[in-house]
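Subject: Structure for your files

Hello,

Please find the structure below, with the sequence alongside. My notes on what turned up follow it.

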Amino acid sequence: MEPNNNDNYVLVLEDRTEVKNEQEAGKISVVSGIDDKGNLKTTEAAAANQAAFLKFNNKDGLLKNFMSNFLKQFNNPTRFGLYKVLANNVEQGVDNLRTMLQSREKPESKQQLTEIGVSFDDYLPKKKNATAIDESKIDWKQLGDLGLTRERLEQSGELEKMLSWQKSNLITIAVPIGDTTIYTEARLAFRTDDNGNVGLAIHPLRKESQLDFPYMGYKFSPEEKEQLLATGNLGKTIEVTPKNGNPFSAYVSIDPQTNEIVALRADRVNIPKEIKGVTLSDVQYKDLVEGKAVKVEGMTAKSGKSFNATLQVNAERKGIEFIFDNNRGFKERQQQTQQQGVPHKLCGLELSDKQREALDSGRTLYLKNMVDKQGQSFNAYVRMDKEQNRPRFYKWNPDKKQETGKEKVVAVAEEHKTQVAVNNHGKTNEATKNVKEPLKTGQTQPTAEQKQKQDENKQKKSRGRKM
């Protein structure tokens, strides 16, 4: 008989192919297996079908093999969702899941669905980049002179971008000047010289954009400066002339991370007539080609959800930018971007240079004596989320969750989980319900005084209902 423990789970499939509105949950069933032709088999989420459920375990490789076959079968997996539900309580778990799916736009539901969902991106085959840089041609010593190593760039996730001719995110570099070393931040990129050698292009962080000086022979008017500072994009094409080069028509934008002015050749931008399922009108298409901002409604995301956004060619992104928050100006969005990354202080804890460097390189740290929003201390494992460019607390230690035969480590120490959930995220359980004061360090139950106040509040509410 299979042991009944929390490591065993089933996969619940949400099929949204017939869904007519975003609030409606799709057809829900439990995965029961895959036949010899690779077709997915499912069954109703009922306790009577327990024996038919295909069960998975966090310590085996069955999920990876299953996902490989699943993705081969479905050409459009975004119309489906897969969620983990404990095998020993499937009916209750599916009922809870259905409730979350029906309110999937609520922040708390979205967070819970992310935690129990299976990400298709983790199992899709990675496309090889035919134009990737040949590492044998890179001058690694040049990186070493800036206090960087190949290993550090790889661990931080920046090397993969740079090998695809992209800029890194802001990285702390060490610049030797005489007998001293200055630490600053910059974006890095690999570029080739006339002889085909791969060198390093350094894009340092500037205090502000140099709009008062000619840029590649072009002088910005007061109106153009105002436009760039307000939106980050010039909103039209201009003719620029690089040093020792021929003039060309270009889109111009400001790099939000470094404040650098960036130009993109207009003849290298491919603007499709159809974007995210919407065919642009002739006026929209013309405006977009000219560099203007264009509002487009009814586009379809990969998840199948409809959305609206303002589109505009962005020179830094080398293509079309989707702007979702028009209520915030470029400066406000830029400040948020520059404030991200490895902070100097995390939840009240001052990070040392070594700790910041470790987080920047992709390592996980166990940090003690941080302080939550209510002033109570807690300990946690922390690692940088390079995709979103910010520190993140993981439910499991991300360095150990893929290893087999090892105990999982809870990111927020067990004795602090309730405290952080209540003080930072406003969550409650039955014991802490109606407790108004912040929980103390390690507290999971109300104090005698708090319990008395809870009872008094319940009595007041009861009397209020009778009146």
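To start with a single side chain, Arg317 is exposed, with a relative accessible area of 57%. Here exposed means over 50% relative accessible area, buried means under 20%, and partly exposed is in between, with a 1.4 Å probe and protein chains only. The partner of Arg317 is Glu321, and the closest N and O atoms of this salt bridge are 3.9 Å apart. Glu321, at 10% relative accessibility, counts as buried. A salt bridge is taken as a side-chain nitrogen of Lys or Arg within 4 Å of a carboxyl oxygen of Asp or Glu.

Two notes on the source before going further. This is a predicted model, in which local features need pLDDT of at least 70 and side-chain atom pairs count only at pLDDT 80 or more, while totals for chains, interfaces and linings use all residues. Residues are numbered from 1 along each chain as its sequence is written, and side-chain values use heavy atoms, with hydrogens and water left out.

The chain overall

The secondary structure comes to twelve helices and 21 strands. These are DSSP runs numbered from the N terminus: helices are H or I with at least four residues, strands are E with at least two. The chain has 467 residues, and buried residues make up 38% of them. Its accessible surface is about 28,200 Å², with 47% belonging to carbon and sulfur atoms; the areas come from the Shrake-Rupley method with a 1.4 Å probe, and for residues only the protein chains shown count as cover. Among contacts (heavy atoms within 4.5 Å) with a separation of 6 or more, 46% are between residues 24 or more positions apart.

Salt bridges

The whole structure holds 21 salt bridges. In one of them, Asp255 and Arg187 meet at 2.8 Å, N to O. Asp255 lies in the loop between strand 10 (248–254) and strand 11, and Arg187 is in strand 7, so the pair ties together parts that are 68 residues apart in sequence. Asp255 is buried at 0% relative accessibility, and Arg187 is buried at 8%. Both also belong to a network of salt bridges that links Lys167, Arg187, Asp255, Glu260 and Glu316. Elsewhere, Glu14 pairs with Arg16, the closest N and O atoms being 3.1 Å apart, and both of these residues are buried.

The hairpin of strands 10 and 11

Strand 10 and strand 11 run antiparallel and are joined by five bridges. For two strands to pair, DSSP has to find at least two bridges between them. Together they form a hairpin with six residues between them, and Asn259 in the turn has a positive phi of about 70 degrees. Ala250 stands opposite Arg265 in strand 11.

The nonpolar core

Which residues touch the most other members of the largest nonpolar core? They are Val269, Ile271, Ile275, Leu288, Val296, Met299 and Leu311, out of 17 residues. The elements giving two or more residues to this core are strand 11 (261–265), strand 14 (294–300) and strand 15 (306–314). Strand 15 gives the most, with four residues. A nonpolar core is a set of buried Ala, Val, Leu, Ile, Met, Phe, Trp, Tyr and Cys residues joined through side-chain atoms within 4.5 Å. Leaving aside residues up to four places away in sequence, Val296 touches Val278, Leu280, Gln284, Asn308, Ala309 and Leu311.

Aromatic pairs

There are eight aromatic pairs in the whole structure. The rings of Trp140 and Phe190 have centres 6.3 Å apart and planes at 85 degrees, so this pair is edge-to-face. The pair links distant parts of the chain, with Trp140 in helix 4 (residues 140–144) and Phe190 in strand 7 (residues 180–192), 50 residues apart. Trp140 is partly exposed at 26% relative accessible area, whereas Phe190 is buried at 2%. Rings of Phe, Tyr and Trp (its six-membered ring) pair if their centres lie within 6.5 Å; planes under 30 degrees apart count as stacked, over 60 as edge-to-face and the rest as tilted. Tyr215, Tyr218 and Phe220 form one aromatic cluster.

Helix 10

In helix 10 (residues 353–360), the buried residues are Arg356, Ala358, Leu359 and Asp360. They pack against helix 5 (150–156), strand 6 (171–177), strand 19 (365–371) and strand 20 (377–385). Just after this helix, Gly362 takes a positive phi of about 95 degrees.

Regards
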